[in-house]
Amino acid sequence: MSVLQSLSNALMMSEPVLEHLIRSAPYRYKVYEIDKKSGRGKRTIAQPAREVKAIQYWVMKKVLRQFPVHSAAMAYRKGRGIATNAAKHASSRFLLKMDFKDFFPSIVAADFEAFLSKRKDSPLTPQDIFHLKRILFWNRRREGQLVMSIGAPSSPMLSNVLMYEFDRKVQAFCSKKKVKYTRYADDLTFSTNRPNVLREVEVQVTEICKASDHPQLKLNEGKTVHASMSGSRRVTGLVLSNEGEVSLGREKKRLIRAQVDHFLKGTMTIEEADRLLGLLAFVNAVEPGFIQRLKDHYGMEKVARLLWPKE
């Protein structure tokens, strides 16, 4: 059964109506800009319309899940996150961080088509591939090219699928050099206890990027960082201690204590309290000992009321 027929059955839509929706899907996006975390420049967000999202969720479940994701990929996967990513490198003496430039928009529909063409066992027909490209990619009007959007629910999973070959090549080199490798979306992290090896890794990763046609990846060389236990080491926003532990860092803890203090004094808005609740849930997963210290300082019942307001 074709992608169109399967979707028609799943969504209870006629094939002609669905065909029209799919063909127009790359244009059904709400586009806006937000400030980058660095404070330098804007990031373009393109969110698909509700009906396009529904189709993308179906493709994620029925199509994308059949493809492998490399074990080095840490983002957008159940049971993994920034804390899991950081913990992989906590016990290593030397650290290298690299970063892709414009990661999601640099992945285009042609990359997905090239990926599928290499899978000889794939049951997808040329017509299926045509439909999938229009479902999963956004038409960035300035360029007239179908690109992966920041804002589509399918983009995270699709990026991990299309990065499998890159991750495999990088991991193969790192294994030979006894280097740990993880990728959290566009953040690449390498660590080892062997001095000077990470310079070789940096060169090799640069070469792998240059040789990659699908997708065409560019490194943000200004964000490449080498670090060691003699200085500060951070991975995906978390601090690695010299004792091999993952921590929020002193400054983050100070800010959280201040926010908890505001909450307990009743000087927070409902929206601020909701954000703090989400932050504390994350803190409890990353550094539960800090939650215990908050309980010791403010009192068990007060912090419990903040963590579990409905109980």
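Predicted model: local features only at pLDDT ≥ 70, side-chain atom pairs only at ≥ 80, totals over all residues.
Residues are numbered from 1 along each chain as its sequence is written, and side-chain values use heavy atoms, with hydrogens and water left out. Helices (H or I, at least four residues) and strands (E, at least two) are DSSP runs numbered from the N terminus. The buried residues of α6 (residues 109-117) are Ala109, Asp111, Phe112, Ala114, Phe115 and Leu116.

The structure holds 8 aromatic pairs, counted where rings of Phe, Tyr and Trp (its six-membered ring) have centres within 6.5 Å; planes under 30 degrees apart count as stacked, over 60 as edge-to-face and the rest as tilted. One of them is the edge-to-face pair of phenylalanine 100 and phenylalanine 166, at 5.5 Å centre to centre and 65° between the planes. Phenylalanine 100 lies in the loop between β3 (94-99) and α5 (103-106) and phenylalanine 166 in helix α9 (residues 164-176), so this pair ties together parts that are 66 residues apart in sequence. Phenylalanine 100 is buried at 2% relative accessibility, and phenylalanine 166 is buried at 5%. Tyrosine 181 and phenylalanine 190 form a stacked pair, 5.1 Å centre to centre with 15° between the planes. Tyr76, Phe100, Phe103, Phe104 and Phe166 form one aromatic cluster.

A pocket is an open set of points on a 1 Å grid over the protein atoms alone, where a 1.4 Å probe fits, with protein on both sides within 12 Å along at least five of seven lines; lining residues have an atom within 4 Å of a point. Volume is the space filled by probe spheres set on the points, which are joined across faces, edges and corners.

| Largest | about 1600 Å³ | β2, 5 residues |

Of the 41 residues that line the largest pocket, Arg43, Asp99, Asp186, Asp187 and Lys223 are the closest to its centre. In the second largest pocket, 18 residues form the lining, and the closest to its centre are Lys118, Leu162, Glu165, Phe166 and His214.

Notes: Buried < 20%, exposed > 50% of the residue type's maximum accessible area, 1.4 Å probe, protein only.
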